[in-house]
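Welcome, and please open the structure in your viewer. We will take a short walk through it, one selection at a time.

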Amino acid sequence: MTTHARARRGRRTLIIAGAVVVAAAVFGGGVALGAAQVGTTPHAAPPADSATPPAAATPTPTPLTATQQLLHDSGDPNACAVSFTGEGITDAPTLESTGNRFLHLPIPAQEGRVFAGWYATPEAASARDVASRINGADAVTCGPDRELTVYGAWTTPEDLTATGTRVPILMYHQFTDKPEGEEGWLRNNFYGVTAWQNDLAYIRDGGFYLPTWDELAAFIDGRLLLPPRSVIITDDDADPTWLNWAVPVVDQDRLLTTSFVITSARQDPTPSIWVQQRSHTHAMHEAGDNGKGRMVNWSEADIAADLGTSAQILGATEVIAYPYGHYNDTAKAGVAAAGFEMAVTTEWGYVTVGSDKLALPRVRMNWGMTVDDLAGLIG
């Protein structure tokens with residue numbers, strides 16, 4: 001090939017190569033331009049004036065109050081959160097159950113002062129209106145928000161002394177519907193059903209205050225004022241006549257009573273929300289070697305063990321009733337060793353500030369007594 005021919009061929013090759021480069025550039029630019037025009041490029045930034053607005057900020061939830069938190073954590077639709085207010089009162093809210101009795105009302109303490117109870121309104125607390133005083137003898141009622149506030153009142157030690165309250169603890173045993181009563185040496189133990197109905201109606205309608213056992217303990221210690229017309233209703237043994245004849249009247253009148261149960265004989269739950277079951281010992285309601293109750297025959301350790309069994313069954317260690325009313329210093333030591341704070345006897349009398357908590361007297365109700373007799377005993 002001549003030199004001239006090789007030069008022409010080289011120029012043609014360069015021309016073809018250049019055409020290819022130009023075509024590729026034009027074609028590529030056209031594709032890029034077209035892509036920009038139809039918006040198909042996935043990473044293309046949108047125009048500044050069409051930017052997406054920022055998402056709205058999530059609002060911060062309002063914190064729950066202490067009572068709302070209690071209700072939330074309980075998960076119980078019947079729960080009622082109770083708050084306590086009054087001068088110097090700092091007790092935290094507690095949960096109660098609507099329809100049940102109040103079970104967790106505190107008894108505040110302040111140096112040099114006497115607590116005078118919880119009330120439904122500030123005005124009632126200021127007036128110390130007994131009809132509006134709230135305690136464990138009352139049923140819990142709550143508003144739609146399931147919250148309740150109660151108001152505390154205070155008084156002085158001098159006022160406690162001047163009031164001079166004496167608390168009768170009524171003692172019943174068995175019941176009968178026979179107009180002529182029962183026969184035998186236990187005749188006096190049986191109380192007429194009609195007389196029982198009349199007694200409870202008198203207490204229900206007479207403006208009486210029914211203290212709980214923790215209130216009675218605080219009263220004895222001089223920390224709590226109880227109204228002059230205070231009374232505690234008790235029954236010993238929890239036998240079938242009590243369950244069949246007496247409890248229905250308690251339920252009807254909605255009056256707080258205490259049934260002293262022999263737990264070796266009865267371990268069933270309480271028959272009514274108005275009946276609090278407390279210990280009449282587990283297996284000491286039998287005679288010992290000397291004809292007296294085991295309570296005055298057993299050792300302190302044996303007494304404490306028996307009462308510990310009873311407490312475990314009943315879930316309460318506030319008070320016991322001595323079987324047959326028999327007790328001595330060893331019995332009292334056994335009661336205290338088992339963790340009980342109080343014990344009731346069959347000795348006649350009233351509870352006052354400073355009474356011996358392990359030897360509390362009671363007012364016995366016998367066959368043949370009437371509501372007039374009751375009125376004379378409790379006012």
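A crossing is left-handed if the near helix is turned anticlockwise from the far one by less than a right angle, and right-handed if clockwise. This is a predicted model, in which local features need pLDDT of at least 70, side-chain atom pairs count only at pLDDT 80 or more, and totals for chains, interfaces and linings use all residues. Residues are numbered from 1 along each chain as its sequence is written, and side-chain values use heavy atoms, with hydrogens and water left out.

**Stop one: two helices.** Select helix H5 (residues 193–205) and helix H7 (residues 240–253); helices are DSSP runs of H or I with at least four residues, strands are runs of E with at least two, and both are numbered from the N terminus. The two axes come within 10 Å and cross at roughly 25°, with axes being lines fitted to C-alpha atoms over the stretch in contact and angles running from 0 to 180 degrees between N-to-C directions. H5 and H7 are therefore roughly parallel to each other (angles under 35 degrees count as such). H5 passes H7 in a right-handed crossing.

**Stop two: strands.** Now select S1 (residues 79–85) and S5 (residues 147–155), which pair in the parallel sense over five bridges; pairing requires that DSSP finds at least two bridges between two strands. Look for Ser 83, which stands opposite Thr 149 in S5.

Methods: Angles under 35 degrees count as roughly parallel, over 145 as roughly antiparallel, 65 to 115 as roughly perpendicular and the rest as oblique.
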